[in-house]
Amino acid sequence: MTGPTARLTAWVEGRVQGVGFRWWVRARALERGLAGVAENLVDGRVKVIAEGPADSCSELLALLDGGRTPGLVRRVTHHWDEARGGFCGFTER
């Protein structure tokens, strides 16, 4: 990784469970060299945590809210933080 690193946490609302959304997020994150996780929450949202180059995290965030995802994204809220490490690849839960 080059440049500043970041940790993006995003909560995606809409019809995003049972439609291949987490798999799609994983593929987009790996294309950008990010590590992290996409997991279903009991309230129907998907939580995405991605770490890596800050610009790659920003690209992923734009894709999450870009209208070309599986399912139907109604809203994305997010939080930025310093990268903490601890992820090995990008997983789905």
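How many residues does the largest nonpolar core have, and which of them have the most contacts inside it?

Analyst: Bear in mind that this is a predicted model: local features need pLDDT of at least 70, side-chain atom pairs count only at pLDDT 80 or more, and totals for chains, interfaces and linings use all residues. Residues are numbered from 1 along each chain as its sequence is written, and side-chain values use heavy atoms, with hydrogens and water left out.

The largest nonpolar core has 20 residues, and those with the most contacts inside it are Val 12, Phe 21, Val 25, Val 48, Leu 64, Val 76 and Phe 90. At least two residues of this core come from each of S1, H1, S3, H2 and S4. Such a core is a set of buried Ala, Val, Leu, Ile, Met, Phe, Trp, Tyr and Cys residues joined through side-chain atoms within 4.5 Å; buried means under 20% relative accessible area, with a 1.4 Å probe and protein chains only. The helices (H or I, at least four residues) and strands (E, at least two) are DSSP runs, numbered from the N terminus.

Take Val 76: leaving out residues up to four places away in sequence, it touches Ala 10, Trp 11, Val 12, Leu 61, Leu 64 and Asp 65, where a contact is heavy atoms within 4.5 Å.

Now for H2. Its buried residues are Ser 56, Cys 57, Leu 60, Leu 61 and Leu 64. Down the axis of H2 they fall within an arc of 145° (taken from the directions from the helix axis to the C-beta atoms), so they line one face of the helix. Their cover includes S1 (5–15), H1 (21–31), S3 (46–53) and S4 (72–81).

Ser 56 has a relative accessible area of 10%. Its side chain reaches the backbone oxygen of Arg 32 at 3.4 Å, and Ser 56 touches Arg 32 and Leu 34, again not counting residues up to four places away in sequence.

As for the sheet, five strands make it up, open and with mixed pairing, in the order S4-S1-S3-S2-S5; two strands pair if DSSP finds at least two bridges between them. S4 and S5 (90–92) are the edge strands, each pairing on one side only. H1 lies across S1, S2, S3, S4 and S5, and runs at about 180° to S5. H2 packs on the sheet too, touching S1, S3 and S4, with its direction at about 150° to that of S3. Those angles run from 0 to 180 degrees between N-to-C directions, with axes fitted to C-alpha atoms, for helices over the stretch in contact.

Notes
Buried < 20%, exposed > 50% of the residue type's maximum accessible area, 1.4 Å probe, protein only. Polar contact = N/O pair within 3.5 Å; in protein donor to acceptor, adjacent residues only side chain to side chain.
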